[in-house]
Amino acid sequence: MTVHIQMLQEIATHARDMADAMQAIVDDCAAQLAQRRADGEAPDTNPQQQDGFVPYDEPTPCDDKPAAPEKPKLTIVELRAFVAERSTPENRAKIKAILGKYGVRKLTELKEAQYEAVKNEVAAL
């Protein structure tokens, strides 16, 4: 157990050292850029750098971000359960008014596209 703790401490120390080194590089780059700007040097518009570096313009695997998982559609059963939980004597008239706003008297008469909107309005009660 203590060996694992020692290993973790070493990893943390090395990670801290790496972070410090990277910060020093960033600080140095920022200082060089500030110095160039102070000297009146215009930013380089040519992608071909003096050291031969050319930025990579092709798509990368990271560019193909996975689509957000599609939110499952609300079913009439789920909507009924949701409305039933909130159907108190003082809310019943308000719920009927919401349904009337959509031109229906019962939940089952709603169009599927209206389920989410009705749920949101009932939730706001």
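**View A. Arg86 is partly exposed, at 28% relative accessible area.** Buried means under 20% relative accessible area, exposed over 50%, and partly exposed in between (1.4 Å probe, protein chains only). The model is predicted: local features need pLDDT of at least 70, side-chain atom pairs count only at pLDDT 80 or more, and totals for chains, interfaces and linings use all residues. Residues are numbered from 1 along each chain as its sequence is written, and side-chain values use heavy atoms, leaving out hydrogens and water. Arg86 forms a salt bridge with Glu85 (a side-chain nitrogen of Lys or Arg within 4 Å of a carboxyl oxygen of Asp or Glu). Their closest N and O atoms are 3.1 Å apart. Glu85 counts as exposed, with 61% relative accessibility. The search of the whole structure returns 2 salt bridges.

**View B. Two charged ends sit over the ring of Phe82, those of Arg86 and Lys119.** A charge sits over a ring if NZ of Lys or CZ of Arg is within 6 Å of the ring centre and within 35 degrees of the ring normal. The charged end of Arg86 is 3.6 Å from the ring centre of Phe82. For Lys119, the distance to the centre of the Phe82 ring is 5.0 Å. Arg86 also takes part in the salt bridge with Glu85.

**View C. Glu121 and Lys101 meet in a salt bridge.** The N-to-O distance between these side chains is 3.0 Å. Glu121 belongs to helix H4 (residues 115-123) and Lys101 to helix H3 (residues 89-101), so the pair ties together parts that are 20 residues apart in sequence. Helices are DSSP runs (H or I, at least four residues), strands are E runs of at least two, and both are numbered from the N terminus. Glu121 is partly exposed, at 22% relative accessible area. Lys101 is exposed, at 59%. The C-alpha of Lys101 also lies 9.6 Å from that of Val118, 17 residues away in sequence.

**View D. H3 and H4 are roughly antiparallel to each other.** Their axes come within 10 Å and cross at roughly 150°. Axes are lines fitted to C-alpha atoms, for helices over the stretch in contact, and angles run from 0 to 180 degrees between N-to-C directions. Angles under 35 degrees count as roughly parallel, over 145 as roughly antiparallel, 65 to 115 as roughly perpendicular and the rest as oblique. The H3 and H4 crossing is right-handed. A crossing is left-handed if the near helix is turned anticlockwise from the far one by less than a right angle, and right-handed if clockwise.

**View E. H2 (residues 76-86) packs with H4 at an angle of about 15°.** The axes of H2 and H4 are 10 Å apart. These two helices are therefore roughly parallel to each other. H2 passes H4 in a left-handed crossing.

**View F. Lys111 lies in the loop between H3 and H4.** Lys111 is exposed, with 61% relative accessible area. Ile76 is 35 residues from Lys111 in sequence. In space, the C-alpha atoms of Lys111 and Ile76 are 9.6 Å apart.

**View G. Leu125 is in the segment after H4.** Leu125 counts as partly exposed, at 40% relative accessibility. Asn91 is 34 residues from Leu125 along the chain. The C-alpha atoms of Leu125 and Asn91 are separated by 7.3 Å.

**View H. The protein chain has 4 helices and 0 strands.** Along the sequence, the pattern is α-α-α-α. The chain has 125 residues, and 12% of them are buried.
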